[in-house]
Amino acid sequence: MAHRPRLTVLSGPSGVGKSTVVAHLRKEHPEVWLSVSATTRAPRPGEKHGVQYFFVDDEEFDKLVANGELLEWAEFAGNRYGTPRRAVLDRLEAGESVLLEIDLQGARLVRASMPEARLVFLAPPSWEELVRRLTGRGTEAPEVIERRLAAARTELAAESEFDTTLVNTSVQDVSAELLALMNDE
Ligand SMILES: Nc1ncnc2c1ncn2[C@@H]1O[C@H](COP(=O)(O)OP(=O)(O)OP(=O)(O)O)[C@@H](O)[C@H]1O
Ligand SMILES: Nc1nc2c(ncn2[C@@H]2O[C@H](COP(=O)(O)O)[C@@H](O)[C@H]2O)c(=O)[nH]1
């Protein structure tokens, strides 16, 4: 019997390894469909429009919101991020599984509008390791790292709102666990 279509939301503090885990999962299982969000954040070196994000300016983001084109959106550490609604609904309606990688505020909004969604929290092995990963990534200025760590304290305190927690000690192990959850009946 085919597994039923499922919306899976992966959240967790900035730097915990969400993108790394999802990239590993999709390399081994290219059939896993990940929603590409819109953001007002500037691209990091190597990021491409339409691949990691749809990079838009404030005016374009305002239009997406005004036209109801976002399933959810949130402001995170000084930038706005949102999930394009149509692409997600098309896949769910076609019976396919969908993966969203979004922040806590977005996860709460999805839970409110689509209670059947499965919410997965990715946790760091320790606070010190989270700081090491976020700092070691080398993509944000020190003041942005501070903002993201402040948000991380709030996100870690909300872990109990999620259906499942996965601890990101090993990228390989946790991506296999995530796939198993997505395929779970
Ligand atoms: N299991 C792991 N062990 C060691 N380092 C890891 C692990 N997972 C991810 N990392 C490293 O941690 C850093 C942050 O990872 P990543 O960018 O995937 O985090 P993120 O949760 O997507 O962050 P953000 O929410 O800010 O986009 C990267 O340098 C990545 O290589
Ligand atoms: N609510 C939403 N959050 C999103 C979305 N896309 C990404 N994110 C989250 O934003 C932060 C920061 O991401 P970064 O790429 O700037 O490091 C992180 O927690 C992402 O998961 C979205 O569409 N909606």
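Reader: In which element is the place of Lys 18?

Author: The place of Lys 18 is in helix 1, where helices (H or I, at least four residues) and strands (E, at least two) are DSSP runs numbered from the N terminus. This is a predicted model, in which local features need pLDDT of at least 70 and side-chain atom pairs count only at pLDDT 80 or more, while totals for chains, interfaces and linings use all residues. Residues are numbered from 1 along each chain as its sequence is written, chains are lettered from A and ligands numbered from 1 in the order in which they are written, and side-chain values use heavy atoms, with hydrogens and water left out.

Reader: Why does Lys 18 count as buried?

Author: Lys 18 has 13% relative accessibility, and buried means under 20% relative accessible area, with exposed over 50% and partly exposed in between (1.4 Å probe, protein chains only), so Lys 18 counts as buried.

Reader: What does the side chain of Lys 18 reach?

Author: The side chain of Lys 18 reaches the backbone oxygen of Gly 12 at 3.0 Å. Leaving aside residues up to four places away in sequence, Lys 18 touches Leu 10, Ser 11, Gly 12, Pro 13, Glu 101 and Leu 122, contact meaning heavy atoms within 4.5 Å.

Reader: Where does Ser 14 lie, and why is Ser 14 called buried?

Author: Ser 14 lies in the loop between strand 1 (7–11) and helix 1 (18–28), and Ser 14 counts as buried because its relative accessibility is 5%.

Reader: What makes the pairing of Ser 14 with Arg 148 a polar contact?

Author: Their side chains are joined at 3.0 Å, and a polar contact is a pair of N or O atoms within 3.5 Å, where, within protein, one must be able to donate a hydrogen and the other to accept it, and residues adjacent in sequence count only if both atoms are side-chain atoms. Arg 148 is also one of the residues that Ser 14 touches, including Phe 76 and Glu 155, when residues up to four places away in sequence are not counted.
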